Amino acid sequence: MKNKILLTIFLFFFFNGIVWSQLLLRISHVVKNNSPKGRAVVYFKKIVEKESKGAIKIEIYPEGILFDDREALVALKKGLIQFAVPSFSKFADIVPEFQIYDIPYLFKNIQHVHRSYFGKIGSLLRNKSYEKGYVLLAMWDNGFKVFTNNKKRIKYPQDLKGLKIRTQGSKVINKSLEIVDAVPVTKPFRIVVDLLKAGLIDGQQNTYNNIYTQQFFRYQKYLTITNNGFLGYAFISSVRFWKELNLKTKKIILDALEKATIYEYKLAEKINFDDYYRIILHSNIQIIPLTDKEKKVWENFYYKHYNVFYEFVDKKIVDEVFRLE
Ligand code: LMR
């Protein structure tokens with residue numbers, strides 16, 4: 001009888017593919033689960049868990065509940081988490097070349113951005129990340145950023161003068177505000193809504209999706225469609241952790257990531273489009289579009305100042321982006 005029970009248990013585990021030891025992997029990010037990045041991370045988790053038949057379990061820590069993006073970079077190195085998905089601008093603390101995406105009006109559209117991910121620039125960013133102890137596993141989109149503020153209608157770059165604008169803190173972003181005499185205020189993502197609500201900052205720059213899901217629009221009077229820089233994400237791990245994984249596990253992770261990446265690009269485009277209309281529907285925020293002529297004024301203004309950004313990003317890399325146009 002005892003043997004029969006043991007045999008039944010053995011057959012149960014054998015046929016259900018239940019495994020005895022499970023690899024637990026943690027991912028940290030700062031946005032909501034219903035954002036493009038949040039949803040793609042959930043999708044990635046589902047594929048990995050399914051394809052590994054439960055041998056890998058993924059725990060997601062969204063909304064900065066465990067770490068903000070800069071803390072996550074340290075946590076990765078310490079092995080407290082295995083993946084993080086910070087913005088390029090924040091990962092630029094470690095790999096400054098990521099600031100090319102912050103240079104105003106360098107990238108013309110999303111196709112231009114994608115050509116950079118999958119060409120020489122992407123390889124350069126992967127190599128630089130590796131040198132610093134991080135594996136760049138994928139590059140994800142959010143979208144182009146627009147300005148919101150509570151003080152005045154912004155039509156031209158000089159209108160930003162004197163405004164306190166929250167930034168993610170890359171040197172290029174902060175410099176692009178300082179050259180118009182605005183005041184960059186670098187703060188973690190999760191407290192931006194409270195700063196806006198309390199009037200401690202006048203405005204911020206972000207994508208429609210972040211403006212909508214974080215409710216920034218509720219505390220802002222004006223939104224100017226500047227599209228002045230690109231917000232994208234580095235899906236990263238640490239070299240130390242990655243080297244420990246066997247080939248089979250790496251393959252499961254990379255295959256899942258490939259599917260999640262394609263999904264993420266579609267989501268980012270669709271959700272930003274929808275959230276633009278949701279912002280308008282749910283608020284009285286004044287939308288300030290720019291005519292082609294006005295957009296040219298912004299572009300030309302920043303092109304004239306590109307030399308100040310070469311202090312932070314090698315001109316050769318910027319020229320390479322121009323070649324990809
Ligand atoms: C921000 O801090 O504004 C963004 O990096 C947040 C995000 O992850 O989209």
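The paragraphs below go through the ligand, the cavities and the pockets in turn.

The model is predicted.

Some members of the shell place polar side-chain atoms by the ligand's oxygen atoms. For Tyr233, a polar side-chain atom is 2.5 Å from an oxygen atom of the ligand. Gln168 also has a polar side-chain atom at 2.9 Å from an oxygen atom of the ligand. In Asn210, an N or O atom of the side chain is 2.9 Å from a ligand oxygen atom. The ligand would expose 270 Å² if taken alone, and the protein buries 100% of that area.

What is the space taken by the ligand? The ligand takes up the largest cavity. This cavity has a volume of about 90 Å³, and 14 residues line it. Nearest the centre of the largest cavity are Lys90, Gln168, Phe189, Asn210 and Leu231. The lining of the largest cavity is made up of six nonpolar, four polar and four charged residues.

The count of cavities of 30 Å³ or more comes to four. The second largest cavity holds about 40 Å³ of space. Its lining is formed by Asp102, Pro104, Lys145, Ile173, Ser176, Gln205, Asn228 and Gly229. By class, the residues lining the second largest cavity are two nonpolar, four polar and two charged.

The largest pocket has a volume of about 440 Å³. It is lined by 20 residues, and the closest to its centre are Ile110, Gly143, Phe144, Glu269 and Asn272. Which elements give two or more residues to this lining? They are the helix α5, at 110–117, the strand β4, at 134–144, and the helix α11, at 247–281. The most is given by α11, which supplies seven residues to the lining of the largest pocket. In terms of class, the lining of the largest pocket has ten nonpolar, eight polar and two charged residues.

The second largest pocket has a volume of about 270 Å³. Of the 16 residues that line the second largest pocket, Glu51, Ser52, Ile56, Lys248 and Ile252 lie nearest its centre. The elements giving two or more residues to this lining are α2, which spans 36–51, and α11. Here again α11 gives the most, with seven residues in the lining of the second largest pocket. This lining divides into seven nonpolar, three polar and six charged residues.

Terms used
Residues numbered from 1 in each chain as written. Predicted model: local features only at pLDDT ≥ 70, side-chain atom pairs only at ≥ 80, totals over all residues. Heavy atoms only, no water. 1 Å grid on protein atoms, 1.4 Å probe; cavity = no way out; pocket = protein on both sides within 12 Å on 5 of 7 lines; lining within 4 Å. Points joined across faces, edges and corners; volume = space filled by probe spheres on them. Helix = DSSP H or I, 4+ residues; strand = E, 2+ residues; numbered from the N terminus. Nonpolar A, V, L, I, M, F, W, Y, C, P; charged D, E, K, R; others polar. Polar contact = N/O pair within 3.5 Å; in protein donor to acceptor, adjacent residues only side chain to side chain. Areas by Shrake-Rupley, 256 points an atom, 1.4 Å probe, with all protein chains shown as cover. Sits in = over half its atoms within 2 Å of the grid points.
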